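Dear colleague,

Please find below the structure that I am handing over to you. My notes on it follow directly after.

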Amino acid sequence: MSLPSTHVDEQPDDDTAQTASSVPATVDQAPQTSRGRRTATAERRRLAEKETRIAGQPGFVLHSYPYKETSLIVDVFTRDYGRIALVAKGAKRPHSKLRGVLQTFQPLSVGWSGKSDIRTLTEAEWIGGLLPLEKSALLCGFYLNELLVKLLARDDPHPMLFDHYVSTLNQLAHDEPPPIVLRKFERALLKETGVGGRLSIDAQSGEPVSPDEMYVVDPERGPRHALPADTFPRVSGKTLIDMEGEDYSNATTQLQSKFLMRFLLSHHLGGTPLNTRQILLDLMQL
């Protein structure tokens, strides 16, 4: 049963007044005539209005935290606008309808207004369609959310990654093997953010990797043959080929890919620890 759409009062208040900012000009310089100035002004107004009000956008809550006395800042992963920050005014009030809607791992339809880094949530509706995550799958979900918060820049759309996130939640909810599901998502995340190149091609020679030889993956350049002095994780060419093809049926591939992805993620996170990763390591040895 779908919850009713929750609309939020859009009048400015102390929660959002501090985040207001002007919209920069986004059109080329018009000729120095009154008609040219009117055209440029109209275009800027049109673009500002287009960017100011969004409705009916698919999204998921990644994280939220208190803002002033009665509100929340909600980190939302949307399909067409990427990761955005929204002020949910009054969401902490005991009888606020938003309290039951702004939950993690639940498909939402959201709307917002504003031009600053932190916009104002104007509507939120639970649309359903996914089973709830439970037990270990729930912890895996929080791991996914932490990766997205720490690796995705705000306002950077990744519609394919959004679809992969939905698919990953669905697989976890249906008890598919978490190690395999997580490896596929980690790999997709690095590829979508531009730091995960092809694993099946030797970066030095440009040739396909050999399944019977050992390699290391330079986080900035890609795979190359392993050397005795290397401190990077050593993986077989077969593992790299399997990962490129999303084939994790081999036990060695599962083991080697786990250590390889842990190494690559740590590099691209700049050494920032993942809280949920450590919990997963302790509980499930993922």
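Which residue in β6 is the bridge partner of Leu86? The bridge partner of Leu86 in β6 is Arg119.

Before the details, a word on the basis of these notes. The model is predicted, so to speak of its origin: local features need pLDDT of at least 70 and side-chain atom pairs count only at pLDDT 80 or more, while totals for chains, interfaces and linings use all residues. Residues are numbered from 1 along each chain as its sequence is written, and side-chain values use heavy atoms, with hydrogens and water left out.

**Overall**

The chain contains nine helices and nine strands; these are DSSP runs numbered from the N terminus, with helices being H or I of at least four residues and strands E of at least two. Of the 286 residues in the chain, 45% are buried. Here buried means under 20% relative accessible area, exposed over 50%, and partly exposed in between, with a 1.4 Å probe and protein chains only. The accessible surface of the chain comes to about 15,100 Å², and carbon and sulfur atoms account for 52% of this surface; areas come from the Shrake-Rupley method with a 1.4 Å probe, and for residues only the protein chains shown count as cover. Among contacts (heavy atoms within 4.5 Å) between residues at least 6 apart in sequence, 58% join residues at least 24 apart.

**Strands**

Two strands are said to pair if DSSP finds at least two bridges between them. Strand β5 (residues 108–113) pairs in the antiparallel sense with β2 (residues 53–67) over five bridges, and also in the antiparallel sense with β6 (residues 118–126) over six bridges. Val110 of β5 is the bridge partner of Gln57 and stands opposite Ala124 in β6. Six of the six residues of β5 are buried: Leu108, Val110 and Trp112 point one way, and Ser109, Gly111 and Ser113 the other way. The hairpin of β5 and β6 has four residues between the strands, and Gly114 in this hairpin takes a positive phi near 120°.

Strand β4 (residues 82–88) is likewise mostly covered, with seven of its seven residues buried. β4 pairs with β6 in the parallel sense over three bridges and with β3 in the antiparallel sense over seven bridges. β3 and β4 form a hairpin with three residues between them, and Phe77 stands opposite Arg83 in β4.

**Asp75 and the salt bridges**

The structure holds eleven salt bridges, each being a side-chain nitrogen of Lys or Arg within 4 Å of a carboxyl oxygen of Asp or Glu. Asp75 forms one with Arg154, the closest N and O atoms being 3.9 Å apart. This pair links distant parts of the chain, 79 residues apart: Asp75 is in strand β3, and Arg154 is in the loop between α4 (135–151) and α5 (159–173). Asp75 is buried at 4% relative accessibility, whereas Arg154 is partly exposed at 34%. The side chain of Asp75 also makes a polar contact with the side chain of Arg83 at 2.7 Å; a polar contact is a pair of N or O atoms within 3.5 Å, where within protein one must be able to donate a hydrogen and the other to accept it, and residues adjacent in sequence count only if both atoms are side-chain atoms.

Asp155 forms a salt bridge with Arg119, the closest N and O atoms being 2.7 Å apart. Asp155 lies in the loop between α4 and α5 and Arg119 in strand β6, so the pair ties together parts that are 36 residues apart in sequence. Asp155 is partly exposed at 37% relative accessibility, and Arg119 is buried at 13%. Salt bridges that share partners join Asp75, Arg83 and Arg154 into one network.

**Helix α8**

Helix α8 (residues 251–268) has 18 residues and reaches 26 Å from its first C-alpha to its last, close to the 26 Å expected at 1.5 Å a residue; the expected span is 1.5 Å times one less than the number of residues. At its start, a side-chain oxygen of Asn250 reaches to within 2.8 Å of the backbone nitrogen of Thr252. Gly270, which follows α8, has a positive phi near 65°.

Yours sincerely
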